[in-house]
Amino acid sequence: MEYFYRWEDLESIQVGRSYSSGEGPLIKGERMQIALVRKAKGTGARPHHHPNEQFHYVVKGTLKAMVGGQEQIVKPGGVIHIPPNVSHATVATPEEDVIFFTVKDTSWGIEGIPNDGKDTGGVYEGGRKPDPKK
């Protein structure tokens, strides 16, 4: 078992491939998992849900967040709490990429369930398209 990590030494994975543009390194423990997620400006996650509780801490950039029907713009230093089974979505504002630290319990995994049940990928505003190499 590893006890010490450096983000830059870890492989970047796509998180929420069926509904999100997010990607970054992930560390999974016995009961918790954490990730440092990057979303390119104007991209993000469509509404989805999962049975595990989650927190996002915005490190860089700004997220337009919707949790349980409430919307807010979240800047660096802001924290988003996502209770279990609550619909939520986050999109990086068009000005710059966003980086956030996320914590989830391991009861489900890193992937959620798109609310519309469709595996159509993330939000790409303003004509942006996903990188086909990822």
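This is a predicted model: local features need pLDDT of at least 70, side-chain atom pairs count only at pLDDT 80 or more; totals for chains, interfaces and linings use all residues.
Local features were taken only at pLDDT of at least 70 and side-chain atom pairs only at pLDDT 80 or more, whereas totals for chains, interfaces and linings use all residues. Residues are numbered from 1 along each chain as its sequence is written, and side-chain values use heavy atoms, with hydrogens and water left out. Helices (H or I, at least four residues) and strands (E, at least two) are DSSP runs numbered from the N terminus.

The largest nonpolar core has 14 residues, and V37, V58, L63, V74, I80 and V98 touch the most other members. Two or more residues of this core come from each of β4 (32-39), β8 (63-67), β10 and β12 (98-105), and β8 gives the largest share, three residues. Such a core is a set of buried Ala, Val, Leu, Ile, Met, Phe, Trp, Tyr and Cys residues joined through side-chain atoms within 4.5 Å. Buried means under 20% relative accessible area, exposed over 50%, and partly exposed in between, with a 1.4 Å probe and protein chains only. Leaving out residues up to four places away in sequence, V58 touches L63, V74, K75, P76, G77, G78, V98, I99 and F100; contact here means heavy atoms within 4.5 Å.

A cavity is a set of points on a 1 Å grid over the protein atoms alone where a 1.4 Å probe fits but cannot get out, and its lining residues have an atom within 4 Å of a point. Grid points are joined across faces, edges and corners, and a volume is the space filled by probe spheres set on the points. The count comes to one cavity of 30 Å³ or more. The volume of the largest cavity is about 160 Å³. Its lining has 17 residues, with V15, Y19, H48, Q54 and H56 nearest the centre. The elements β4, β7 (54-60), β11 and β12 each give two or more residues to this lining, and β12 has the largest share with three. By class, the lining holds six nonpolar, nine polar and two charged residues. In this division Ala, Val, Leu, Ile, Met, Phe, Trp, Tyr, Cys and Pro are nonpolar, Asp, Glu, Lys and Arg are charged, and the others, Gly among them, are polar.

Side chains of opposite charge can pair when their charged atoms come close. The structure holds six salt bridges, each a side-chain nitrogen of Lys or Arg within 4 Å of a carboxyl oxygen of Asp or Glu. One of them pairs R38 with E23, the closest N and O atoms being 3.9 Å apart. This pair links R38 in strand β4 to E23 in strand β2 (residues 23-24), 15 residues apart. R38 is partly exposed at 33% relative accessibility, while E23 is buried at 15%. R38 also meets D97 in a salt bridge (2.8 Å, N to O). D97 is in the loop between β11 and β12, 59 residues from R38. Shared partners join E23, R38 and D97 into one network.

Another salt bridge joins D116 and R46, with 2.7 Å between the closest N and O atoms. D116 lies in the loop between β13 (113-114) and β14 (123-124) and R46 in the loop between β5 (43-44) and β6 (48-49), so the bridge ties together parts 70 residues apart in sequence. R46 is buried, with a relative accessible area of 12%, whereas D116 is partly exposed at 43%.

Two loop residues remain. N85, in the loop between β10 (79-82) and β11 (88-92), has a positive phi of about 65 degrees although it is not a glycine. N85 counts as exposed because its relative accessibility is 53%. G69, in the loop between β8 and β9 (70-74), is exposed at 63%.

Terms used:
On a 1 Å grid over the protein atoms alone, a cavity is a set of points where a 1.4 Å probe fits but cannot get out, and a pocket is an open set with protein on both sides within 12 Å along at least five of seven lines; lining residues have an atom within 4 Å of a point.
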